[in-house]
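Here is a short report for a reader new to this structure. Take a look at the sequence and the fold, then read on.

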Amino acid sequence: MSRFFFNDRKQLVNDAIEGIVLSAPHANLVRLDIDPAIRVVARADWDKSRVAVISGGGSGHEPAHAGFVGKGMLTAAVCGDLFASPSVDAVLNAIVAVTGDRGCLLIVKNYTGDRLNFGLAAEKAKRHGLKVEMVIVADDIALPDNKQPRGIAGTALVHKIAGYAAEQGKSLNEVRDIAQETCDNLYSLGVAMQTCNLPGSEDEEGRIAAGQAELGLGIHGEPGASTLDTHNSKAIIDALVAPLREQAGEGRFAVLINNLGGVSALEMALLTKELAHSALKDRIAYLIGPAPLVSSLDMKGFSLSLLRLNERVEQALNASVETVGWQNPVAFAPLKTAPHTKIHDSVETEPSDNPRVKQIVATVTRTLIDLENRLNALDAKVGDGDTGSTFAEGARDIAQLLEQGKLPLNNPAQLLQLVGERLATVMGGSSGVLMSIFFTAAGQAVQDGTALPEALLTGLKQMKHYGGADLGDRTLIDALQPALDALRKGDIQAAAKAAQQGADNTATMQKAGAGRSSYVNSQNLDGVTDPGAVAVADVFAALVKG
């Protein structure tokens, strides 16, 4: 099955061009209505008063090429089919449509089809009396001995520099020369762990083995120059940086970090970090990206492009543009940090004694510890089987503090807040946080002067607010809320009875509204009491027995 969204494969490129034009933020793009087979995107505000800058090639590299059309960059882009050069007629029509007396510059990636089709179109345009020059981008350093290096992501930088020169009113020869100078100081290298897939084609087993990456593969999925036996981000960056440094030599560089289409934003950020700490770090003046500028459909890979800087190139690179796809350079500097005092959110307590409270704490913790296996067995039927262990872990911690005499037993506010703090630390998952919210909010209410029974209800209210569960959702709230309502009236026996009734009711509830039980079907829930509710009921029963 194809892994692409599209309607009609034959109309895919046309549809994509329409989407690009529609989304242009400056509303300055148009598709020229020449012929259905000719796809030219041009500046809507172009008046032929300056040198036209035209590029193009196969589609599938978005935002290249149409995404770079606009003030300050390309005058027009000629879009071929997926990974296929546009026809001679398409290029010729683009030249004639946007070129005035100042002439035009064609920026062409170094692929045979592009060179031939753009070259022949240039010769034909000259017969129409138009001045046409062409530069060929050959920035790929994957094969140093190759007499015809490929044009890859660095092409976007040539668009930017040449577009700036044309916008400044430079002559055709001046625009050509600065574009050629850019090409001569441009070095790119890519890597991928998965090649690209063509829309409409069946997915095939990739040629790149699991755990490996290809260094130097082309933007049409052509095989790379070598294979790396790693996906380690630092090792991959180092493998790219070493040959780039050797080829580029000394100097200050702008570095384009280009997403080939299938790498997540998280990974691109990580790779940028690795680059910032690489052997290249002292030569980086600007970062461009990370972003897709010259992509390769859904290729799981990226490339680095180095452009040597001088004052003229730097000024051109930083000039503002009005395009869909360009990314403004960012001056490179080490990570900025700001000192800030860490907040130690711990409760200040003073151990104290209170025999009655000590007995209550001992009863609650012993009950929960003894319930561990029973609650786990219940939870295994409706959840992930760890409720007993989770509650027991929290109870053991509090019991240990009790035994060591470290609890503020004679200060209810401090005691509740300390219990809340410890449960958030030692109890796992959401249960620990929920119980911590309950005790922390209750402790704060007591500190603010609220009576203990009412404070416990305040804690319950906050637990419901943040946790999202309520009565009838088949959780411990079904036992805890009726118990606390009864306790507010001063009757612990009524509270225990209400808790038990609430727990029993959970066995008849056909659907859980919260917690892991909410993912379990009603047949598995039928007749099984919620383990959290059982814990609450047994704790209140134990308190009645004393």
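The side chains of Glu181 and Arg312 form a salt bridge, with an N to O distance of 2.3 Å. This is a predicted model. The pair links distant parts of the chain, since Glu181 lies in helix H5 (residues 172–184) and Arg312 in helix H8 (residues 311–318), 131 residues apart. How exposed is Glu181? Its relative accessible area is 22%, so Glu181 counts as partly exposed. Arg312 is also partly exposed, at 43%.

The structure holds 22 salt bridges. One of them joins the side chains of Glu372 and Arg396, at 2.5 Å from N to O. Is Glu372 buried or exposed? Glu372 is buried, because its relative accessible area of 17% falls under the 20% cut-off. Arg396 is partly exposed, with a relative accessible area of 34%.

Arg396 has another partner. Its side chain also meets that of Glu393 in a salt bridge, at 3.8 Å from N to O. Both residues lie in helix H11, 3 residues apart, which is about one turn of the helix. Glu393 is partly exposed, at 40% relative accessibility. Elsewhere, salt bridges that share partners join Arg43, Asp45, Arg50 and Glu167 into one network.

| Salt bridge | N to O distance |
|---|---|
| Glu181 and Arg312 | 2.3 Å |
| Glu372 and Arg396 | 2.5 Å |
| Arg396 and Glu393 | 3.8 Å |

**A sheet and its helix**

Now to the strands. What is the order of the strands in the open sheet of 6 strands? The order is E1-E2-E4-E3-E5-E6, and the pairing is mixed. Strand E1 (29–31) and strand E6 (132–137) stand at the edges. Each has a single partner strand, so one side of each is left without a neighbour in the sheet. On average, neighbouring strands of this sheet are turned by 20° against each other, direction ignored.

Inside the sheet, strand E2 (residues 40–43) and strand E4 (residues 76–82) run antiparallel. How many bridges join E2 to E4? There are 3 bridges between these strands. In E4, Val78 is the bridge partner of Val40.

Helix H1 (residues 12–22) packs on the sheet. Helix H1 touches E1, E2, strand E3 (52–59) and E4. The direction of H1 makes about 155° with that of E1.

**The whole chain**

The view now widens. The protein chain has 18 helices and 13 strands. Its C-alpha atoms fill a box of roughly 105 × 50 × 45 Å, taken along the principal axes. What is the radius of gyration of the protein chain? The value is 34 Å, whereas a compact globule of 546 residues would have a radius of gyration near 24 Å.

Buried residues make up 51% of the 546 residues in the protein chain. The chain exposes about 25,500 Å², and carbon and sulfur atoms supply 50% of that area. Consider contacts between residues at least 6 apart in sequence: 72% of these join residues at least 24 apart.

Terms used. Residues are numbered from 1 along each chain as its sequence is written. This is a predicted model: local features need pLDDT of at least 70, side-chain atom pairs count only at pLDDT 80 or more; totals for chains, interfaces and linings use all residues. Side-chain values use heavy atoms; hydrogens and water are left out. Two strands pair if DSSP finds at least two bridges between them. Helices (H or I, at least four residues) and strands (E, at least two) are DSSP runs, numbered from the N terminus. Axes are lines fitted to C-alpha atoms, for helices over the stretch in contact, and angles run from 0 to 180 degrees between N-to-C directions. Contact means heavy atoms within 4.5 Å. The radius of gyration is taken over C-alpha atoms; the globule rule is 2.2 Å times the number of residues to the power 0.38. Buried means under 20% relative accessible area, exposed over 50%, partly exposed in between (1.4 Å probe, protein chains only). Accessible areas come from the Shrake-Rupley method with a 1.4 Å probe; for residues, only the protein chains shown count as cover. A salt bridge is a side-chain nitrogen of Lys or Arg within 4 Å of a carboxyl oxygen of Asp or Glu.
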